[in-house]
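Hi everyone, thanks for making time this morning. Let me put the sequence and the structure up on the screen, and then we can walk through them together.

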Amino acid sequence: MINLLSRTIMMGTPLLFGAIAEVIAERAGVMVTAIEGIFLMGAWAGFVGGYLSGSLTVGFISAILAGLLVAALYGWICIYLKQHQVVTGVAMNILTVGLSAFLYRVIFGVPITPLTVNPLATIPIPLLSQIPVIGQILFNQNILTYAIYLLAPLSYFMLYKTSVGLTIRSAGENPEAVDVAGINVLTVRFITVLLAGVMGGVAGAFYSIGFLGMFSTNIIGGRGWIAFAICFLGNWNPKGAVIGTLAFGFAEAIAIYMQSIGNNALFPNELFIAIPYIMTIILTVSRKSFSVPAKLGVPYIKEN
Amino acid sequence: MEAAFFELSGISKYFAKVIANKEVSFSIQRGEVLALLGENGAGKSTIMKILYGLYKADEGKIFKDGKEVKIHSPKEAMELGISMIQQHFSLVPAHTVTENIILGNVHGIIEQKFYQGEIKKLAERYNFDVDPNDFIRDLAVGVQQKVEILKALYQKANLLIMDEPTAVLTPQEAENLMHFVRDFTAQGNSVIFITHKLKEVMSVADRIIVMRAGKVCGDIKRDETDEIELSKLMIGKELNEIIQDDQQIKVDQEARLEINNVTVKGKTNVPSLNNISLTVHKGEILGIAGVSGNGQQELCEVVCGAILPTSGSILLDGEDITEREIRARIDLGIGYVPADRSRDGMIMDMSIAENMLLKSSYDGKWQKRGFIAKGRLNQYALQEIQEYSIKAPSPETIVHGLSGGNQQKVILAREVDNGDKLIVFDQPTRGLDLGAVNHIHQVILNERAKGKSILLVSTELSEIFALSDRIAVLYKGEIQGIFNRAELTTEKIGLLMAGFRVEEVSQDAC
């Protein structure tokens with residue numbers, strides 16, 4: 001059980017990275033529908049950088065750059081060229097599947113056995129990790145998990161307690177108000193999308209070099225979309241995103257656990273994986289009050 | 001002579017091929033109230049948006065205290081002490097008063113308590129009854145305007161530009177606003193007032209700039225002019241007085257539309273219409289007065305069938321139509337001209353002919369073996385274009401390219417045809433120029449003369465008084481009273497619109 005909860009936290013880490021990035025961007029009014037593609041290119045670049053240099057740090061830096069690149073392209077098309085966000089995102093997600101497979105083969109050919117790197121090691125925190133139960137679950141994780149412990153409350157604080165957060169939230173609710181206050185709406189939105197690129201890139205690399213130690217084109221397998229759904233489920237709030245992430249992380253941990261003990265007879269694996277999705281639909285339908293940003297998904301077009 | 005506080009010199013602005021401003025020059029002194037008067041589309045808002053940095057002028061210069069300044073953005077305008085309150089407020093409904101006011105004016109971590117205190121003090125200084133913790137979405141329009149003003153004051157503006165500020169206010173609220181304007185300018189600040197209401201201009205302005213077709217055509221001191229001269233300058237020809245028709249003394253007493261105890265509950269369970277009872281007789285215009293957002297739209301929609309009442313009944317010629325759907329009501333002869341024509345009235349990317357057919361597309365007369373009978377439809381549309389003098393080259397013209405007045409005429413033509421018995425008008429002349437307003441008023445009176453019943457919702461009191469046989473006042477979803485036109489004065493109706501009851505009003509009036 002302790003193992004399962006520890007796994008939940010670990011598997012939740014990249015999801016929360018993605019979900020918080022999505023929350024911030026959507027609060028500013030932009031749906032980052034390219035999040036799946038950002039994850040995938042992050043995973044790819046993380047692996048390539050890490051494998052070629054032998055350093056995971058280089059891998060993560062490459063992942064950040066790749067995520068930034070995809071996000072910048074997406075932001076440019078959706079924010080500056082004012083194209084449809086869903087259509088653009090879907091197109092870019094399809095593109096990145098082909099692109100990552102192609103570039104992987106260009107660099108490595110078709111290896112007989114999958115290429116691997118050593119994934120991120122866990123770093124037990126002195127003293128804290130000695131606490132019974134909790135120590136094992138919370139404080140025997142890798143560095144990215146510790147990072148998200150800080151990033152989650154920090155993002156909440158930033159959104160709701162600072163002037164930057166107020167500007168971001170206003171840009172998603174009524175961009176005219178931001179414009180009239182003398183702040184460039186497009187810049188605000190673009191920066192939040194770039195931030196989503198950075199965080200999404202790291203999240204993607206978590207799968208390739210943080211956990212599995214290898215890359216394949218289906219490595220993300222819809223987890224970008226899960227981050228997207230968590231943002232929705234969490235009512236566009238980092239607090240809600242944490243809860244949503246735990247639900248999805250737990251489901252994934254159970255699925256992996258079931259697979260590892262080879263118990264497929266009683267409950268098919270897919271059932272556990274499906275539960276959070278079913279939950280999302282039920283919660284969405286049954287929820288009464290949404291705090292969806294009023295201008296979510298609407299490009300800001302200034303008259304004149 | 002001392003240099004003007006701000007001076008605009010030879011400003012021109014072109015939108016695509018249209019001239020919005022042509023060599024506009026005028027100045028404003030410190031402590032002065034300047035009124036910018038003109039019809040819709042005269043270029044008043046455009047020139048002010050240039051001064052506020054929202055638009056970029058194609059030609060011309062701006063001076064402050066005699067020195068040339070460049071204003072490329074609202075931020076730069078604010079640094080020069082200019083603040084502008086748009087006609088459509090730029091507030092964030094989901095945020096508090098405080099959050100709205102400090103947006104863009106603070107850095108780093110927000111000390112809520114500190115700013116709330118500051119704003120409270122500022123509000124008290126100007127006698128504004130505004131709670132810094134309230135959410136904008138919960139505030140009445142008049143209060144929201146005060147928040148906008150506080151925003152400007154918070155930024156230490158000393159030139160305040162207001163675009164049609166009284167359009168959304170009751171007469172009493174408007175009077176309070178004028179008090180503020182005098183108070184504010186007495187301290188050496190300046191105010192520019194964009195308006196098309198002559199009365200307001202005469203009561204508050206020190207000097208008046210009249211604009212027509214993008215140009216300045218008058219720069220006059222208030223004391224040296226009168227309303228007649230101003231209206232001539234504004235329109236460019238003699239004002240074609242809207243004939244205030246004699247009230248029909250003998251209204252046909254046969255009831256056409258009866259609304260009995262109708263209540264409509266909104267999402268929040270606060271009724272948007274509360275136990276409303278009304279009767280519109282044959283050949284009668286019933287005017288509905290009130291500040292917008294007090295249940296007018298719900299009233300229109302409940303009559304047309306777009307929403308169903310929570311309780312109560314609606315009868316047309318004695319027949320119960322409470323549960324009938326929209327299409328059945330169209331067939332029975334109810335026409336509806338909605339307030340927001342681009343959202344509820346027409347499809348902007350379709351042609352005039354297609355929009356004409358929109359509400360009766362199922363009707364056999366438009367069909368030919370299952371297809372649209374194009375020829376018949378175009379012929380009909382052409383006829384309507386001529387009858388309503390819609391300025392458009394052909395029935396195939398896309399309505400998007402028409403002016404607001406011509407778009408409204410397209411809807412009018414359609415709904416007059418649909419509404420054999422009853423036509424509901426919701427703000428039929430909002431945002432239109434005087435020529436179009438006149439035309440539409442004429443149509444309404446003509447239809448009444450044919451014996452149709454008219455339900456006329458308007459926030460313009462002049463319109464209500466000019467057309468209605470009887471007037472009902474709506475406040476927070478309730479009827480404050482129904483009166484014959486002659487029984488009401490502007491003052492009395494203003495109090496009713498502000499929520500006073502009939503008894504209180506008659507006491508006050510005595």
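I'll take the two chains in turn, and then look at a few residues up close.

A word on the ground rules: this is a predicted model, in which local features need pLDDT of at least 70 and side-chain atom pairs count only at pLDDT 80 or more, while totals for chains, interfaces and linings use all residues. Residues are numbered from 1 along each chain as its sequence is written, chains are lettered from A and ligands numbered from 1 in the order in which they are written, and side-chain values use heavy atoms, with hydrogens and water left out.

Let's start with chain A. It has twelve helices and two strands; helices here are DSSP runs of H or I with at least four residues, strands are runs of E with at least two, and both are numbered from the N terminus. Reading from the N terminus, the order is α-α-α-α-β-α-β-α-α-α-α-α-α-α. The radius of gyration of chain A is 19 Å, close to the 19 Å from the globule rule for 304 residues, so chain A is as compact as a globular protein of that length. That radius is taken over C-alpha atoms, and the rule is 2.2 Å times the number of residues to the power 0.38. Along the principal axes, the C-alpha atoms of chain A fill a box of roughly 60 × 45 × 40 Å.

How much of chain A is buried? Buried residues make up 53% of its 304 residues, where buried means under 20% relative accessible area, exposed means over 50%, and partly exposed is in between, using a 1.4 Å probe and protein chains only. Chain A exposes about 13400 Å², with carbon and sulfur atoms supplying 73% of that; the areas come from the Shrake-Rupley method with a 1.4 Å probe. Take the contacts in chain A between residues at least 6 apart in sequence: 76% of them join residues at least 24 apart. Contact means heavy atoms within 4.5 Å.

Now please look at helix 10 of chain A, residues 223-233. Nine of its eleven residues are buried, so this helix is largely enclosed by the rest of the structure. Among those buried residues are Arg223(A), Phe228(A) and Cys231(A). What covers them includes helix 1, helix 2, helix 9, helix 11 and helix 12 of chain A. After helix 10 comes Asn235(A), which has a positive phi, near 55 degrees.

Leu151(A) counts as partly exposed, at 28% relative accessibility. Not counting residues up to four places away in sequence, Leu151(A) touches Phe17(A) and Met199(A).

On to chain B, which has 18 helices and 22 strands. Its radius of gyration is 25 Å, close to the 24 Å that the globule rule gives for 510 residues, so chain B too is as compact as a globular protein of its length. Its C-alpha trace spans about 70 × 50 × 50 Å along the principal axes. Buried residues account for 54% of the 510 residues in chain B. The accessible surface of chain B is about 23100 Å², and 49% of it belongs to carbon and sulfur atoms.

Next, the aromatics. Rings of Phe, Tyr and Trp (its six-membered ring) pair if their centres lie within 6.5 Å; planes under 30 degrees apart are stacked, over 60 edge-to-face, and the rest tilted. By this rule there are 20 aromatic pairs over all chains. In one of them, Tyr126(B) and Phe180(B) have ring centres 5.5 Å apart and planes at 70 degrees, so the pair is edge-to-face. Tyr126(B) lies in the loop between helix 4 and helix 5 of chain B and Phe180(B) in helix 6, so the pair ties together parts 54 residues apart in sequence. Tyr126(B) is buried at 9% relative accessibility, and Phe180(B) is buried at 4%.

Phe180(B) also pairs with Phe184(B): their centres are 5.4 Å apart and their planes at 20 degrees, so this pair is stacked. Both lie in helix 6 of chain B, four residues apart, about one turn of the helix.

Back in chain A, Phe47(A), Tyr51(A), Tyr104(A), Phe108(A) and Phe215(A) form one aromatic cluster.
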